[in-house]
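Please read the following note beside the sequence and the coordinates of the model.

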Amino acid sequence: MRNRDEEPAEQPETDVERRRRRAQFLRDLAEARELRDRVQPRRAKAARLRHAMRMRTFRW
C-alpha cells in the first residue's frame, strides 16, 4: 500500500524539477538564517567571527 503523501513512481523526476526544488530549498534556508541572525544577533556575530577565522587559516 502507498501513502497519500508519496508521488506516483511512474516518471522519474526531471533535472529541471530537481533544480527548482533545490533552489526553493536554498531560498528557504537563507531566509531561515536571516531570521535567526535577526533574532540572535550575538550568536550571529560569533558565527561570523568563527567563519572569518576559518577562512583566514584555510590554505589554498
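1. Basis of the note. The model is predicted, so that local features need pLDDT of at least 70 and side-chain atom pairs count only at pLDDT 80 or more, whereas totals for chains, interfaces and linings use all residues. Residues are numbered from 1 along each chain as its sequence is written, and side-chain values use heavy atoms, with hydrogens and water left out.

2. The chain has two helices and zero strands, where helices (H or I, at least four residues) and strands (E, at least two) are DSSP runs numbered from the N terminus. Helix α1 covers residues 15–39, and helix α2 covers 41–57. Of the 60 residues in the chain, 2% are buried; here buried means under 20% relative accessible area, exposed over 50%, and partly exposed in between, with a 1.4 Å probe and protein chains only. The chain exposes about 6,800 Å², of which carbon and sulfur atoms supply 52%, the areas coming from the Shrake-Rupley method with a 1.4 Å probe and, for residues, with only the protein chains shown counting as cover.

3. Salt bridges. Side chains of opposite charge can pair when their charged atoms come close. Under the rule used here, a salt bridge is a side-chain nitrogen of Lys or Arg within 4 Å of a carboxyl oxygen of Asp or Glu, and the count comes to three. One of them joins E13 and R21, with the closest N and O atoms 2.7 Å apart; E13 is partly exposed at 42% relative accessibility, while R21 is exposed at 54%.

4. Through shared partners, the salt bridges join D15, R18 and R19 into one network. As to accessibility, D15 is partly exposed at 36% and R18 is partly exposed at 39%, whereas R19 counts as exposed at 54%.

5. Nonpolar patch. Patches are made of residues with over 30% relative accessible area and no salt bridge, like charges being joined within 9 Å and nonpolar side chains (Val, Leu, Ile, Met, Phe, Trp, Tyr) within 5 Å. F25, L26 and L29 form such a nonpolar patch on the surface, with about 260 Å² of accessible area together. F25 is found in helix α1 and is exposed, with a relative accessible area of 52%.

6. Charged patches. Lys and Arg count as positive and Asp and Glu as negative, while His and the chain ends are not counted; the place of a charge is taken as NZ of Lys, CZ of Arg, CG of Asp or CD of Glu. D28, E31, E34 and D37 form a negative surface patch, in which D37 belongs to helix α1 and is partly exposed at 35% relative accessibility. A positive surface patch is made up of R33, R36, R43, R50 and R54. Both α1 and α2 supply at least two residues of the positive patch, and its largest share, three residues, comes from α2, the helix in which R50 has its place.
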